[in-house]
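Please read these notes with the model open beside you. They are meant for someone who has not looked at it before.

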Amino acid sequence: MSHYGYVPIGAPKDITTCRRFFQTPRSAKHRAYEALRAYFLEARPSHAVARAFGYTPGTFRVMCHQFRRDPAPTFFVAPPRGPQRQPKKAATRELIVTLRKRNYSVYEISEALRERQMALSPTAVREVLAAEGFAPLPRRLDDERPARPRPTVEPVADARAFSLAPRAFTTVCGGLFLFVPDLLRLHLDTVAQTARLPGSRMIPAGHALRACLALKLWAIERKSHVMALVADEGLALFSGLNVTPKKSYLAEYSSRIEHQRTTQLLAAWQEQVTGARLCPGRSFNLDFHSVPYYGEHPVVERHYVSARSRRQKSILVFLAQDAEGQAFCYANADLRKREEPEELFRFLAFWKRSREEWPQELVFDSRLTTYANLARLDGEFGITFLTLRRRSPALLREIAALPRSAWRTVELDVPARKYRTPRVYEQPVRLAGRSFRQLYIQDLGHDEPTILLTNDRRRPVAKLITRYAQRMLIENALADAVRFFHMDALSSAVGLKVDFDMALLVLASGLYRLVARSMRGYADAQARQIFRDLIDTPATVQVTETDVVVQFHRRAHLPIIMASGRLNTPVPVPWWNNLPLRLTT
């Protein structure tokens, strides 16, 4: 049958097939016609029609509005056919064939056409050649390609070829060396060995981890973008290699690290940062983030992406942030949709193994887990939690029915907050067999009331509201990580690559927090601002027989670095054969 609603002359259809033609329209116009007919002629409710034909109620109401005001609606008019020939391809076809017979690639043919003012993209050239029956050219060696300017071929990364011969050079990545004292204090090589990360004689595990971590610290969006800095000697010196590994090695290396190794890496990192008080572990902010994926892959499921307000192919990431240290301490991208509610307990088990104690408090959104799991947190683990409860129609009706005298006003001790005197109604509530404390809150700056749910029965109401408001820290940190650490820049459809990428995010965010603590005025700054003001600093590096001197170039924020105490304090670096690093201006 026709795409536009006409049943062609031919073999007769059975009754079922004819009915299906009206019940399941194939084209958008046919579907709109049947939906409007059901509403206006059969008098079916609009919400039922919208659900039956795959529209949202709001979209269908807009359709009805437009139909009533359209003076001449049309549904089954065949669209005019577009042009059947492509003038650009037709004009260049003969020349394309001639150049291909001379073994020109599609890119070389496209460039030759552009020089003749006959611009055609490589994709269009490939389509012309395919129509003419030409197979793709076999991959050629560099010396077999036409002589023309191209990127230089840098040496292969090999720690055995690393040299500390006296020399001087300029690097754009001078600010990276500000992280070296913290890497030494936290024994990053020991972290790599404890996690049993893969390595080789050419690139040992510690060197590989530093090379991957440098991408996060320098806010390089994708692994392929490292090629723009592959000739920078400073980036290679930071890792202890002769040159920075290329994109092919970085992508392959991340694929070799399965989820178990990633968890071991995070556990080893937590063991080292315990003394630095980076994650005190008293209170945590928890959240999910969906990393969008644009493509087709059976491993990737559909999740809700808040930035686009829709469900789409994405990889779900669970993140835990220490509320006091403001650093990420746990990440997991090896998640399936059905595992979302239980991920909370995976984090608890991870923290118990790492620190030998349970977290004291968890703060999270309403959709992170279920009421049954909240009952487990309260009864089985005895962990204090603070979360939101979803605003169901029944709860909204209950709130609206409360008399004004039932509410009491509290004052929040947050001077910078605009809404400091919300109205609160408190009551006990029983969910999943446990009794909790429920707060209805109005005048917080939202159109709808906020419903807080907690098992903390002692803390004053004002402090509970203030603590949940501080949960915005993880949302701010997530927004900063999406932009600065490029969380949404997928390297692969396979989740384990993203899993290792999120582990690097935990390490990088912790290092940024440690640097921020030593810089006056930056203790609460996001990584993006720290990088812009302090880290993104070029430097001149002098390698001598006695030390490595990194001399920062003059910048407006250089006095803050000078006052941090990190300059002119030599620290021996093991991957430089214990040659000291000295930062100066």
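1. Basis. This is a predicted model, in which local features need pLDDT of at least 70 and side-chain atom pairs count only at pLDDT 80 or more, while totals for chains, interfaces and linings use all residues. Residues are numbered from 1 along each chain as its sequence is written, and side-chain values use heavy atoms, with hydrogens and water left out.

2. Largest pocket. Its volume is about 1500 Å³. Among its 46 lining residues, Asp 287, Asp 365, Ser 366, Arg 471 and Glu 475 come closest to the centre. Two or more residues each are given by β2, β3 (301-305), β4 (310-322), β11 (450-454), α17 (461-469) and α18 (472-483). The element that gives the most is α18, with five residues. By class the lining has 22 nonpolar, eleven polar and 13 charged residues.

3. Terms for point 2. A pocket is an open set of points on a 1 Å grid over the protein atoms alone, where a 1.4 Å probe fits, with protein on both sides within 12 Å along at least five of seven lines; lining residues have an atom within 4 Å of a point. A volume is the space filled by probe spheres set on the points, which are joined across faces, edges and corners. Ala, Val, Leu, Ile, Met, Phe, Trp, Tyr, Cys and Pro count as nonpolar, Asp, Glu, Lys and Arg as charged, and the others, Gly among them, as polar. Helices (H or I, at least four residues) and strands (E, at least two) are DSSP runs, numbered from the N terminus.

4. Second largest pocket. This one has a volume of about 920 Å³. Of its 31 lining residues, Tyr 107, Arg 139, Arg 140, Asp 142 and Arg 145 lie nearest the centre. Helices α6 (106-115) and α7 (122-131) each give two or more residues to the lining, and the largest share, four residues, comes from α6. The lining divides into 16 nonpolar, two polar and 13 charged residues.

5. Phe 288. This residue lies in strand β2 (residues 283-292). Phe 288 counts as buried because its relative accessibility is 17%; buried means under 20% relative accessible area, exposed over 50%, and partly exposed in between (1.4 Å probe, protein chains only). Beyond four places in sequence, Phe 288 touches residues including Leu 316, Val 317, Phe 318 and Glu 343, where contact means heavy atoms within 4.5 Å.

6. Asn 332. Strand β5 (residues 328-332) holds Asn 332, which is buried at 0% relative accessible area. Its contacts beyond four places in sequence include Leu 316, Val 317, Phe 318 and Glu 343. The side chains of Asn 332 and Glu 343 also form a polar contact of 3.1 Å (a pair of N or O atoms within 3.5 Å; within protein, one must be able to donate a hydrogen and the other to accept it, and residues adjacent in sequence count only if both atoms are side-chain atoms).

7. Salt bridges. A salt bridge is a side-chain nitrogen of Lys or Arg within 4 Å of a carboxyl oxygen of Asp or Glu, and the count by this rule is 27. One of them joins Asp 547 and Arg 582 at 3.7 Å, N to O. Asp 547 is in the loop between β12 (539-543) and β13 (548-552) and Arg 582 is in strand β15 (residues 579-584), so the pair ties together parts 35 residues apart in sequence.
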